[in-house]
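The following paragraphs lead through one protein model, step by step. Please keep the sequence and the structure in view while reading.

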Amino acid sequence: MKRKLTRRHKLAIAELAIALAIGLAFFCPRTFSGAMGGSFDPAEMVQAQVLLQGTGEKAGDDRTITLTPGQPAYETLAGMLEDKLYFPYYTDSTTRDVTLDYWVTILFTQPDGKGVRTYAFSGSRAIDTAGEDTRDRSFQLSDGLAFQQGVLDFLLEQEYTTGE
């Protein structure tokens with residue numbers, strides 16, 4: 001004998017499905033493009049300007065690196081960033097521990113004057129993203145500090161200008 005679901009049971013299942021959908025939207029991992037927000041596509045960017053701001057013993061050793069799509073260094077950097085899953089990290093974005101020798105800020109210039117998207121990290125748990133056409137967000141990675149150090153090491157090998 002088959003029992004039909006009562007209206008109360010159907011409502012409970014619908015509420016559970018809605019709660020699950022909301023939970024997934026807030027905590028589901030994102031790709032790099034998804035973390036950057038909107039219709040971000042690293043291959044379509046005009047350039048990436050990397051700002052390395054020295055901290056601690058490296059204070060004052062500021063560097064600027066400019067990379068453009070098609071350059072091997074740009075493609076390597078984009079590949080490193082795209083190779084990760086970004087988990088939303090809900091935290092206060094006004095203070096960050098700086099455990100690396102440099103605060104790293106990557107400014108991706110979008111085509112057609114659509115503005116700039118920012119990707120920043122300092123060795124703390126959070127990686128911050130922002131843009132003129134998307135809201136500011138923070139993410140974390142499963143191997144966050146090792147990944148950030150690897151990206152920083154790669155960037156330090158690139159040709160740069162000083163921040164003077």
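A residue is called buried when its relative accessible area is under 20%, and exposed when that area is over 50%, with partly exposed lying in between. The model shown here is a predicted one.

By that cut-off Gln-110 is buried, because its relative accessible area is 5%. Gln-110 belongs to the loop between β4 and β5. Its side chain reaches the backbone oxygen of Lys-114, at a distance of 3.2 Å. Beyond the neighbours within four places in sequence, the contacts of Gln-110 are Met-45, Val-46, Gly-115, Val-116, Arg-117 and Asp-133.

The next element to find is helix α3, which covers residues 72-82. Which residues of α3 are buried? They are Ala-73, Tyr-74, Leu-77, Ala-78 and Leu-81. When the helix is viewed down its axis, these buried residues fall within an arc of 130°, so they line one face of α3.

The axes of the two helices are 11 Å apart, and the packing angle is about 180°. Helices α3 and α4 are therefore roughly antiparallel to each other. On the α3 side the meeting residues are Ala-73, Thr-76, Leu-77, Met-80 and Leu-81, while α4 contributes Phe-147, Gly-150, Val-151, Phe-154 and Leu-155. Sorted by class, this contact has eight nonpolar residues, two polar residues and no charged ones.

Not counting residues up to four places away in sequence, Pro-42 touches Phe-32, Ser-33, Pro-69, Tyr-74, Ala-78 and Glu-82. Tyr-74 and Ala-78 are among the buried residues of α3. Pro-42 and Lys-58 are 16 residues apart in sequence, and their C-alpha atoms are 30 Å apart in space.

With residues up to four places away in sequence left aside, Thr-64 touches Gln-49, Val-50, Leu-51, Tyr-160 and Thr-161.

Is Arg-96 buried or exposed? Arg-96, placed in this loop, counts as buried because its relative accessibility is 17%. Not counting residues up to four places away in sequence, Arg-96 touches Thr-91, Trp-103, Ser-122, Ser-124, Ala-126, Asp-128 and Ser-138. From C-alpha to C-alpha, Arg-96 and Arg-125 are 8.4 Å apart in space, and they are 29 residues apart in sequence.

Tyr-90 also has its place in the loop between β3 and β4. At 48% relative accessibility, Tyr-90 counts as partly exposed. Tyr-90 and Cys-28 are 62 residues apart in sequence and 13 Å apart in space, C-alpha to C-alpha.

Note on methods. Residues numbered from 1 in each chain as written. Predicted model: local features only at pLDDT ≥ 70, side-chain atom pairs only at ≥ 80, totals over all residues. Heavy atoms only, no water. Buried < 20%, exposed > 50% of the residue type's maximum accessible area, 1.4 Å probe, protein only. Helix = DSSP H or I, 4+ residues; strand = E, 2+ residues; numbered from the N terminus. Arc of directions from axis to C-beta. Polar contact = N/O pair within 3.5 Å; in protein donor to acceptor, adjacent residues only side chain to side chain. Contact = heavy atoms within 4.5 Å. Axes fitted to C-alpha atoms, helices over the stretch in contact; angles between N-to-C directions. Parallel < 35°, antiparallel > 145°, perpendicular 65-115°, else oblique. Nonpolar A, V, L, I, M, F, W, Y, C, P; charged D, E, K, R; others polar.
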